[in-house]
Amino acid sequence: MMKSKHILSALAFSGVTAVAAGQAGHVDKLPQAAGKAPAVLSTAEFGAKDGPLSDDSAAEAAALEQATAARSLLRSQWMYKTPKRGIKAWKSTFGTRDQATVASFSDGDEAREARTEVLGLAADSDVSVHPERDHVALFVQQLAQPAAVATSKTTYTATSVTSPDFAAAIAAGKIKRGMMIDTGERPKKTGVIYSASGSTINVSAWYVVDGTRATATPARGTPAYVNPSTKVWALNANVELRANAMATDAVGFELGLVNDKADDLGYLYDAVNLGSKRGLNAFQSRGRWVQGFYAYNGTNYGFVSQTAAQIGFYAQGGPVGMQSDGATAIAYLAKNAANALVVQNTAGKSLTILDGAGVWQSIRTRYATFGNGQTIDGQAVVASALVVSTATTIHLPAPGANANRVLYVKNPKGSTVPVDFAGNVEDASGSVQVAPGGAVTLISDGSKWIPIGKY
């Protein structure tokens, strides 16, 4: 457990008032000596027994009130807390909120003490509907808040904005150097605050947020939002590999599981939406990566989608939507589904379907035409000669690269002469001749083309 003087040194509090012990629920404020560290206020000074089963809630509430006013560190038997600064640390974990974590960091609400919600039980009876009993080493939360001031009563200059709605916030010290002001335009303009007095806030300039770095003065009455928060992060961790660094690899975040109890227990990442509205992405990768997601050896299932509301796996854009290398089977498709595989066009029309019984429906095969001297490509299933009236030879593809391929070759009825489909064929004749209007079905055994049907 970290000693109080070490915590005070690490947090480097300054400009606060020391608090001396008084009667339970009451203390007298004493002036702080110059250069002295702030006092650590103990809940015991307010009547807390600090026992494992004692109800110290009233004493803790009184201590918290005084510690908040004095900006002092608060200590009980179980925890250290910096009231309304969002930092707490415990030496043991129990319960469902503050005491269920070793350390809690919270930001976003100056009006009340931040609550650490581990299970978030509102009443004791909630234990009947929440079977888990979670203990957390580190809890971090960032609350998205409205702008410090939002007003349309504005008058702008090239480097300032004035509004009667700013006066109270400026007087209360809520307007701080370095805050930003966004305007309610499209594109919006943004200024960085460097001073404020009365009802006027001064900025370095009004920058148009369009990527040009241009400046412009907003029009009178344009809405202004002081200290806007448009995106919040609970945790943002960066690692950097500099060009002259000795490190040859970097890891942004590692979660390790030590499971010595039984197989199939524990998980390292849990993305849960506790709100009433649907979130966007539970996991996303941005920027330049070799793999957006990678499952190493030892993983039973590289990716599992269970009862997705719409699509289990979706790939948009890129040269290949899915590729499987070296697998015994590429996929087991919906063994109990009415349709195991459905291929649709962009209009949603079904083109090819494989049903749950393995029956193909609406199969489409590629039909292509070839002229004299051309070679049948690798995609055609039905290869037809152009209508011909003179001797024509069309080359079959190499059988070695087309083992087990079935190919239908056709000479249209409009032709007046036979067509030779030349290649390595079964009878070593060097070609398969097809009369006008006729067709021959061929299959490759890997070394030659074998006729298996004729029309």
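Lys-81 counts as buried, because its relative accessibility is 6% (buried means under 20% relative accessible area, exposed over 50%, partly exposed in between, with a 1.4 Å probe and protein chains only). Keep in mind that this is a predicted model: local features need pLDDT of at least 70, side-chain atom pairs count only at pLDDT 80 or more, and totals for chains, interfaces and linings use all residues. Numbering runs from 1 along each chain as its sequence is written, and side-chain values use heavy atoms, with hydrogens and water left out.

**Around Lys-81**

- Lys-81 sits in strand E5, residues 79-82 (helices, H or I with at least four residues, and strands, E with at least two, are DSSP runs numbered from the N terminus).
- Beyond its neighbours within four places in sequence, Lys-81 touches Leu-64, Ser-72, Leu-73, Leu-74, Ile-87, Lys-88, Asp-98 and Glu-113 (contact means heavy atoms within 4.5 Å).

**The nonpolar patch**

- Leu-235, Phe-253, Leu-255, Leu-257, Leu-268, Tyr-269, Phe-283 and Phe-293 make a nonpolar surface patch of about 910 Å².
- Patch residues have over 30% relative accessible area and no salt bridge, with nonpolar side chains (Val, Leu, Ile, Met, Phe, Trp, Tyr) joined within 5 Å and like charges within 9 Å; a salt bridge puts a side-chain nitrogen of Lys or Arg within 4 Å of a carboxyl oxygen of Asp or Glu.
- Phe-293 lies in the loop between strand E16 (224-226) and strand E17 (339-344), and Phe-293 counts as exposed because its relative accessibility is 56%.

**The E17-E18-E19 sheet**

- Three strands, ordered E17-E18-E19, form an open sheet with antiparallel pairing (two strands pair if DSSP finds at least two bridges between them).
- E17 and strand E19 (360-361) are the edges, each with a single partner strand, so one side of each has no neighbour in the sheet.
- Strand E18 (residues 350-355) pairs with E19 in the antiparallel sense over two bridges, and Leu-354 has Trp-360 in E19 as its bridge partner.

**Whole chain and confidence**

- The chain has three helices and 27 strands, and 27% of its 455 residues are buried.
- Its accessible surface is about 30600 Å², 52% of it from carbon and sulfur atoms (Shrake-Rupley method, 1.4 Å probe).
- Of the contacts between residues at least 6 apart in sequence, 44% link residues at least 24 apart.
- Average pLDDT is 84, with 89% of the residues at 70 or above (pLDDT is the predictor's confidence in each residue, from 0 to 100).
- Residues 1-38 stay under 50 in pLDDT, and the model has 55 contacts beyond four places in sequence for them.
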